[in-house]
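The stops below are meant to be taken in order.

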Amino acid sequence: MEVARKDAAVAAPGLFHHWRDPDPHAIGASAVEFLHRLRGPTCIHLTGNDSSRLRVVATLLHGNEPGGLFALYELLRLGLRPAVDMLCFIPSVDAAKQEPGFVYRMLPHCKDLNRCFTTPWGDTEVDRVAGEMMELIDAARPECVVDVHNTSGSSPSFGISTVMAPQHAALISLFTQRMIVTDLRLGSLMERTRDDMPIITIECGGAEDRESTLLAGEGLTRYFTFENVLEASQSEMSLEYFHHPMRLELAPGSEIAYGEHSLLADGVTLLPSVENYNFGHVGADTLLGFVSGALAGNLRIRNGNGELPVAEYFQLVEGRLYPKRKLKLFMVTTNPEIARKDCMFYLTEA
Ligand SMILES: [Zn+2]
């Protein structure tokens, strides 16, 4: 069935398939069926009540984070007419389709799409997807962009912004009560934020958590239907802020495992229960795991300005890893692949 064809309105032959105002009966009986009707990176155009304005939602930048796609599918199934025109980007369709489904963040041996939104644009296919997506967004002149993700572990929801501004806070408050303001630059979509086009990231919680699916659904419904999403009343804005987090990363050449005791002769073993500290406090008596070898040889900490001494924040006591001071952790993963390629968790001083 020809459901996702190229849109004639887009000049250059692109990587994105365009689908305009999909018939609710043509999108499949489930979100998984919907995914399998998409042929690759997809942009869905929806006509709103006020076509003089447009908003963008992006989801499935990471193939293993289906929360936003599930929520979008439900809205499409309802045939809900948005307040303004909408562009809905679903780029990592191929990664998401890899069996058993929603397991791969990106295709094997490919770059992480949400690390490719930097200029000059790179020259891999993933870079071209990022470049074309940004071109389509710029051409549509949206009033704002929301990028919906799941956390890689079980976690409460939060929003992330690279700037502390009322419009960004208003967008985040449509979804969640926690706002992280980061000066870390990784090449993510939200870093393309501008005064006339605020962009934020929503982490709606773990892909397995039922609350995160509900949160994505409720937040996206507000984003689709509210007349104004860039001004929030004080009562809606009871946000808790976290400023300028640091990242705990594996040092080059080190290895990571998860277990109840040290599993590596040379490397880092974190307790699987570190996940429970998401948005909680840890202190000098909280055992986080084990390190065989030197602390600085296995772990490194980065903030927006560069690397920081690990020993200021963590300590080893006979090979056991503890915080050195009171810290708040979030985006804790227990997926070794993500810990290896991205980071183990984010932290701020409590
Ligand atoms: Zn993600």
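This tour of a predicted model goes from a loop residue to the cysteines and then to the aromatic rings.

**Stop 1: a loop aspartate**

Select Asp 23. This residue is found in the loop between strand S1 (17–20) and helix H1 (31–37). Is Asp 23 buried, partly exposed or exposed? With a relative accessible area of 40%, Asp 23 is partly exposed. Asp 23 and Ser 238 are 38 Å apart in space, C-alpha to C-alpha, and 215 residues apart in sequence.

**Stop 2: the cysteines**

How many disulfides are there? The count comes to 0. Select Cys 144, which is in no disulfide; the nearest cysteine sulfur belongs to Cys 88 and is 12 Å away. The cut-off for a disulfide is a pair of sulfur atoms within 2.5 Å. Cys 144 has a relative accessible area of 0% and is buried. Move on to Cys 343, also in no disulfide. Here the nearest cysteine sulfur is that of Cys 116, 17 Å away. Cys 343 counts as buried, at 2% relative accessibility.

**Stop 3: the ring cluster**

The whole structure holds 12 aromatic pairs. Begin with Phe 242 and Phe 330, whose ring centres are 5.7 Å apart. Their planes are at 55°, so this pair is tilted. Phe 242 lies in strand S9 (residues 240–243) and Phe 330 in strand S19 (residues 327–330), so the pair ties together parts that are 88 residues apart in sequence. Phe 242 counts as buried at 4% relative accessibility, and Phe 330 is buried at 0%.

Tyr 346 is in strand S20 (residues 345–349), 16 residues from Phe 330. Tyr 346 is buried, as is Phe 330.

Now widen the selection to Phe 158, Phe 242, Phe 279, Phe 330 and Tyr 346, which ring pairs link into a cluster.

**Stop 4: arginines over rings**

Arg 178 lies over the face of Phe 279, 5.2 Å from the ring centre. Last, select Arg 325 together with Tyr 313. The charged end of Arg 325 sits over the Tyr 313 ring, at 4.9 Å from its centre.

Conventions: Residues are numbered from 1 along each chain as its sequence is written. This is a predicted model: local features need pLDDT of at least 70, side-chain atom pairs count only at pLDDT 80 or more; totals for chains, interfaces and linings use all residues. Side-chain values use heavy atoms; hydrogens and water are left out. Helices (H or I, at least four residues) and strands (E, at least two) are DSSP runs, numbered from the N terminus. Buried means under 20% relative accessible area, exposed over 50%, partly exposed in between (1.4 Å probe, protein chains only). Rings of Phe, Tyr and Trp (its six-membered ring) pair if their centres lie within 6.5 Å; planes under 30 degrees apart count as stacked, over 60 as edge-to-face and the rest as tilted. A charge sits over a ring if NZ of Lys or CZ of Arg is within 6 Å of the ring centre and within 35 degrees of the ring normal.
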